[in-house]
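Reader: Please show me the sequence and the structure. I will ask about single residues and then about the whole.

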Amino acid sequence: MSSSPPDERRPRLHFAVPAGWLNDPNGMIFHDGEYHLFYQHNPDAMVWGPMHWGHAVSRDLVRWEPLPIALRPDEHGQIFSGSVVRDAADSAGFGAGAIVAIYTQWRPEDHRQVQSLAVSHDRGRSWTPFAGNPVLFPDGQRDFRDPRVLWYDTPAGGHWVMLLAVGQEVWFYRSPDLKQWTHTGRFGAEHGAHDGVWECPELLQLPVDGGPERRWVLAIGVLRGAPAGGSGTQYFVGDFDGAQF
C-alpha cells in the first residue's frame, strides 16, 4: 500500500477515483492475497462518457491502491460491465492461473453490444484483449450486456456459466473454455418488475438458515421503477442446474 499520508478531503472507508467519473463496480475478485475492484470509469471528465475499466486493489477492503486503467475502448467499442474469473484449470488456454475479464463492449454508432475477453498474467497489473474478440454476439437484441460468469461444478468436471441481462430477462449460457458459448435458458418474462431494462445480474448459492440445505438467489438491477423512484434491485430465490434458473 502507498505510504503517503491520507488526503483529508477524501473518504477513509469508501473508494474514491483518483480523477474523473466512476459508476458500477465490476469484476470483483480475491486473487493472490489482494481484493481487486474494477469500475466503470471516464478518466477525462466528471460526467458519464467513453467507458473504461478503472482498477484498484486492497488487502483489507478499507485501504485502496489505485492502479492504471485496466481496459480501454477499442475497435469493438466502449467497455461496459462484466466479471473477472481465475481460470485455474487453464480451460481457455491462456496459461494456468490466468485471470480473465469478460465484459460487454458497446458501439454507440450502431448500438451493438457484444461480449469480449481480456487476460492478465501479472496479478491484474496489465491486460491484453483476446485476439478473437468478440466471443458472443447478440441475436437481434439491443440490450445484451453485463456478463456475470461463474464456474459450475459437475461430476463430469464442470463448465463455465454466463448470465446476461437481455432486455427485461436474464439469459444463460455455458462454455467449456470461456470462448465458445451455448445458450441454455432464459428467465424473467413472467416474473418480477418490468418497469425498465434489466441490468447487472448476480447468481449466488446460499445456505438456508445456516443449515445444510442450499438455494440459489438471482439478483438483478432494474433501470427504472424502484419504490423510491429511479433504479433498484430485485431478487428471486430458486434452483439452478447449471443451465436454467
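**Residues, pairs and overall form**

Reader: What is the relative accessibility of Asp 110?
Author: Asp 110 counts as partly exposed. Buried stands for under 20% relative accessible area, exposed for over 50%, and partly exposed for the range in between (1.4 Å probe, protein chains only). The relative accessibility of Asp 110 is 37%.

Reader: What kind of model is this?
Author: Residues are numbered from 1 along each chain as its sequence is written, and side-chain values use heavy atoms, with hydrogens and water left out. Local features need pLDDT of at least 70, side-chain atom pairs count only at pLDDT 80 or more, and totals for chains, interfaces and linings use all residues; this is a predicted model.

Reader: Which residue forms a salt bridge with Asp 110?
Author: A salt bridge is a side-chain nitrogen of Lys or Arg within 4 Å of a carboxyl oxygen of Asp or Glu. For Asp 110 the closest N and O atoms of the pair are 2.4 Å apart. The partner is Arg 107.

Reader: How many residues apart in sequence are the parts that Glu 202 and Arg 148 tie together?
Author: The side chains of Glu 202 and Arg 148 meet in a salt bridge, N to O 2.4 Å. Glu 202 is in strand E13 (residues 198-207) and Arg 148 in strand E9 (residues 144-152), so the parts they tie together are separated in sequence by 54 residues.

Reader: Where does Arg 125 lie, and how many residues apart in sequence are the parts it ties together with Glu 34?
Author: Arg 125 and Glu 34 form a salt bridge through their side chains, at 2.8 Å from N to O. Arg 125 is in the loop between strand E7 (112-120) and strand E8 (128-129), while Glu 34 is in strand E2 (residues 34-42), so the parts tied together are apart in sequence by 91 residues.

Reader: Which residue of the two, Arg 125 or Glu 34, counts as buried?
Author: Arg 125 has a relative accessible area of 29%, which makes it partly exposed. At 4% relative accessibility, the buried residue is Glu 34.

Reader: Where is Arg 123 found, and what is its phi?
Author: Arg 123 is partly exposed, at 32% relative accessibility, and is found in the loop between E7 and E8. Most residues other than glycine have a negative phi. Arg 123 is not a glycine, yet its phi is positive, near 60 degrees.

Reader: Which other residue has a positive phi although it is not a glycine?
Author: The residue is found in the loop between strand E5 (78-86) and strand E6 (99-107). With a phi of about 60 degrees, it is Asp 90.

Reader: Which peptide bond is cis?
Author: Most peptide bonds are trans. Here one with omega near -10 degrees is cis, and its proline is found in the loop between E8 and E9. The bond runs from Asn 133 to Pro 134.

Reader: Which residues does Gly 49 touch, not counting those up to four places away in sequence?
Author: Gly 49 is found in the loop between E2 and strand E3 (52-58), and at 10% relative accessibility it counts as buried. Contact means heavy atoms within 4.5 Å. The residues touched by Gly 49 are Asn 42 and Gln 78.

Reader: What is the relative accessibility of Ala 118?
Author: Ala 118 is found in strand E7. Beyond four places in sequence, its contacts include Leu 71, Ile 99, Tyr 103, Trp 127 and Phe 130. Ala 118 counts as buried, at a relative accessibility of 2%.

Reader: How many helices and strands are there in the protein?
Author: Helices (H or I, at least four residues) and strands (E, at least two) are DSSP runs, numbered from the N terminus. The protein has zero helices, and its strands number 15.

Reader: What is the radius of gyration of the protein?
Author: The radius is taken over C-alpha atoms, and the globule rule is 2.2 Å times the number of residues to the power 0.38. For 245 residues a compact globule would have a value near 18 Å, and the protein agrees, with 18 Å.

Reader: What share of the residues of the protein count as buried?
Author: The C-alpha trace spans about 50 × 45 × 45 Å along its principal axes. Of the contacts with a separation of 6 or more, 45% are between residues 24 or more positions apart. Among the 245 residues, the buried share is 45%.
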